[in-house]
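Subject: Structure handover

Hi,

Here is the structure for you to look through. My notes on the salt bridges follow below it.

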Amino acid sequence: MTTATALNKMVIIGVGLIGGSLALALRKAGLVQQITGIGRSRTNMQHAVELGVIDEIATDTAAALHNADLVFLAMPVGQTAAIMEHIAPHLHAHTLITDAGSTKQDVVTAARHYLPLQNRHHFVPGHPIAGAEHSGVQAAQADLYANKHVILTPQPETSMEAVERIRHLWQACGANVSLMPADEHDRVLAATSHLPHLLAFTLMNHLQHSTDQPENLLRFAGSGFRDFTRIASSSAEMWRDICLANREALLEQIAAYQNELHSLREMLEKHDGKGLGQAFSQARGLREDWLKNKSVE
């Protein structure tokens, strides 16, 4: 490496929206010289080269990881264990490794099972809280992480030097970096990300199952419906893996949400306008405070 954060060679495994956007952001910041991509779809990888996201498509894992300064795991979390097992024999002792998984405890478990201790010293589990409803490298953008949160969940064996180097790279992309225990991360994201995605998918399925002609209902759907269900356009494979990986925390959130729905149903059954008004006002106030706080971050 030429500086504490500059990369001579970066390898991205999973060159889609997340991996591709990091590549573009680091290129824009002038912090990477060469980017090698590893992926399942030859067509997607060829698009990545044509778009200037990566410089080359890996044909051999050992050669791709040779002298790599950073390996970025950006594939669906369900593939993490298999990928770690595959790359472990080819990692250099001091290669930085980080990931973008939306769940962290399962990623840490996979790392401890498959990565040698010398590599775990340089593995910094991470999660950029950024995205879009469209996936694939065509959706990648250099400013995706600007003013977005990135959570790092280093483990006791993770070196602080590795944490700081990964922190600096994300900050160079414009991100706000926080450190958090992996179990806390999974609880927080179950409530604020995983449950909302599940609800958006479920609402679309509800419309599909409630009528033989859902298009007639959707014909009159407005901007509120569009905004609420935007994330139902997200990758089905990715969100299947996330929900399964964070199953316990998500089940707790589903149960708590069902209790809220039950309370609202009781208010409706009892014609309890006062109760409904208080519930809606409380929700509105919390959201307004959240938006106000976001505007000053």
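Glu164 forms a salt bridge with Arg167 in this predicted model, with the closest N and O atoms 3.2 Å apart. A salt bridge here is a side-chain nitrogen of Lys or Arg within 4 Å of a carboxyl oxygen of Asp or Glu. Both residues lie in helix 7 (residues 160-172), 3 residues apart, about one turn of the helix. Helices are DSSP runs (H or I, at least four residues) and strands likewise (E, at least two), numbered from the N terminus. Glu164 is partly exposed, because its relative accessibility is 27%. The cut-offs are under 20% relative accessible area for buried, over 50% for exposed, and partly exposed in between (1.4 Å probe, protein chains only).

Residues are numbered from 1 along each chain as its sequence is written. The model is predicted, so local features need pLDDT of at least 70, side-chain atom pairs count only at pLDDT 80 or more, totals for chains, interfaces and linings use all residues, and side-chain values use heavy atoms, with hydrogens and water left out.

Helix 8 (residues 182-210) holds another pair, Arg187 and Asp183, 4 residues apart. Their salt bridge is 3.7 Å, N to O. Arg187 is partly exposed at 47%. So is Asp183, at 35%.

Asp55 and Arg27 also form a salt bridge, at 3.0 Å between the closest N and O atoms. This one links distant parts of the chain: Asp55 is in the loop between helix 2 (42-50) and strand 3 (56-57), Arg27 in helix 1 (residues 17-28).

Finally, Arg112, Arg120 and Glu157 are linked in a network of salt bridges. The whole structure has 11 salt bridges.

Best wishes
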